[in-house]
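Reader: Hi! Could you walk me through this model while I have it open?
Author: Happy to, just ask away.

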Amino acid sequence: MNASLDRLIKDFHLFVAQFRRGSDEDVANIDLKVEHTLEVLNEARGLTSVLRPDPGLAFQAQTAALFHDLGRFPQYDRYKTFRDALSVNHAKLGARTLAKERLLAGLPGPWRRTVLGAVFLHNVRHLPAHLPPALDFCTRVVRDSDKLDIYRVMLAHFEPGARPNNVVVMGARPDGQGYAPALVDQIRARRIGSYADMVNVNDFKLVLISWVYDLSFEHSRQVLADRGQVERLFELLPQDEVLGELRAQVLEDLHRP
Ligand SMILES: [Fe+2]
């Protein structure tokens, strides 16, 4: 095999450098995605070091993590948004870009197909059942790693005094008044919250909280529990009885032994 992760990381940087252009805000948004990518790769490394699949599978999962958001770069370049609904499915665009740019040319064919499949599937709401085992594993590693890092990214933007960035909050209204009862219902039912029900930033916080119910690996849940980020999201939401009860449920599920 003619590829190492270090080589692929270099290729990633070379490829995305061309999209670092436009206004200061544009460059900052691109840099944010580069940073997110490298953090997701770190999370995937942490996860695979605990799960210990065979080294070839670990490499495929890490490669998929490295390229999972490749589509974000041409997406932002063309549309100046990260909202798929207003532009293009960034996972599909990422898989297409990976193939077109031959970034996986050094990988054996079956590995290439697994990485492309994991990139393609990383953002679907529900994973299809009965995927080939390698694809299922890599996709789950990417999805958990992605979620773990998005907590970091979003919390930085929700903290009081953070610079408002409409691109990062995906167009959610900045006011902290109220929240969508539909999202509360989805979390109560231990289901993943729907972006379609998201209106303001409180709803975005609820969507993030709902991800507690969409992590594939026990280790991811433990990492999230240890970081205290779900607790912080609840602190940044209105302090009422409904959310108090929801908080008790979610924290109990998150910290269960
Ligand atoms: Fe993504």
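**A chat about the model**

Author: Let me begin with Lys100, which is placed in helix H5; helices here are DSSP runs of H or I with at least four residues, strands are E runs of at least two, and both are numbered from the N terminus. A word on the basis: this is a predicted model, where local features need pLDDT of at least 70, side-chain atom pairs count only at pLDDT 80 or more, and totals for chains, interfaces and linings use all residues. Residues are numbered from 1 along each chain as its sequence is written, and side-chain values use heavy atoms, with hydrogens and water left out.

Reader: Thanks! Is Lys100 buried or exposed?
Author: Lys100 counts as exposed, because its relative accessibility is 65%. Buried means under 20% relative accessible area, exposed means over 50%, and partly exposed is in between, using a 1.4 Å probe and protein chains only.

Reader: Nice. Switching to the metal, what are the protein donors of the iron ion?
Author: They are Asp69 (OD), His90 (NE2) and His122 (NE2), at 2.0 to 2.2 Å from the iron ion. Donors are N, O and S atoms within 2.8 Å of the metal (3.2 Å for Na, K and Ca), and sites may look incomplete because water is not among the atoms.

Reader: And how are the donor residues spaced in sequence?
Author: The spacing is D-x20-H-x31-H. His90 sits in helix H5 (residues 90-100), while His122 is in the loop between helix H6 (109-121) and helix H7 (133-158), so the two tie together parts 32 residues apart in sequence.

Reader: Are those two histidines buried or exposed?
Author: His90 and His122 are both buried.

Reader: On to charge pairs: how many salt bridges does the structure hold?
Author: There are 16 salt bridges, each being a side-chain nitrogen of Lys or Arg within 4 Å of a carboxyl oxygen of Asp or Glu.

Reader: Which residue does Asp149 pair with?
Author: Asp149 bridges to Arg152, with the closest N and O atoms 2.5 Å apart. Both are in helix H7, 3 residues apart, which puts about one helical turn between them. Asp149 is buried at 1% relative accessibility, whereas Arg152 is partly exposed at 29%. A network of salt bridges links Glu35, Asp149 and Arg152.

Reader: What about Arg232, which residue does it meet at 2.8 Å?
Author: That is Glu159, in a salt bridge where 2.8 Å separates the closest N and O atoms. Arg232 is in helix H11 (residues 229-235) and Glu159 in the loop between H7 and helix H8 (181-188), so this pair ties together parts 73 residues apart in sequence. Glu159 is partly exposed, with a relative accessible area of 27%, and Arg232 is partly exposed too, at 25%.

Reader: Which side chain meets Arg232 at 2.6 Å?
Author: Glu235 does, in a salt bridge with that N to O distance. Glu235 and Arg232 are 3 residues apart in helix H11, about one helical turn.

Reader: Last one: where is Leu224 found?
Author: Leu224 is in helix H10 (residues 218-227), and it is buried with a relative accessible area of 0%.
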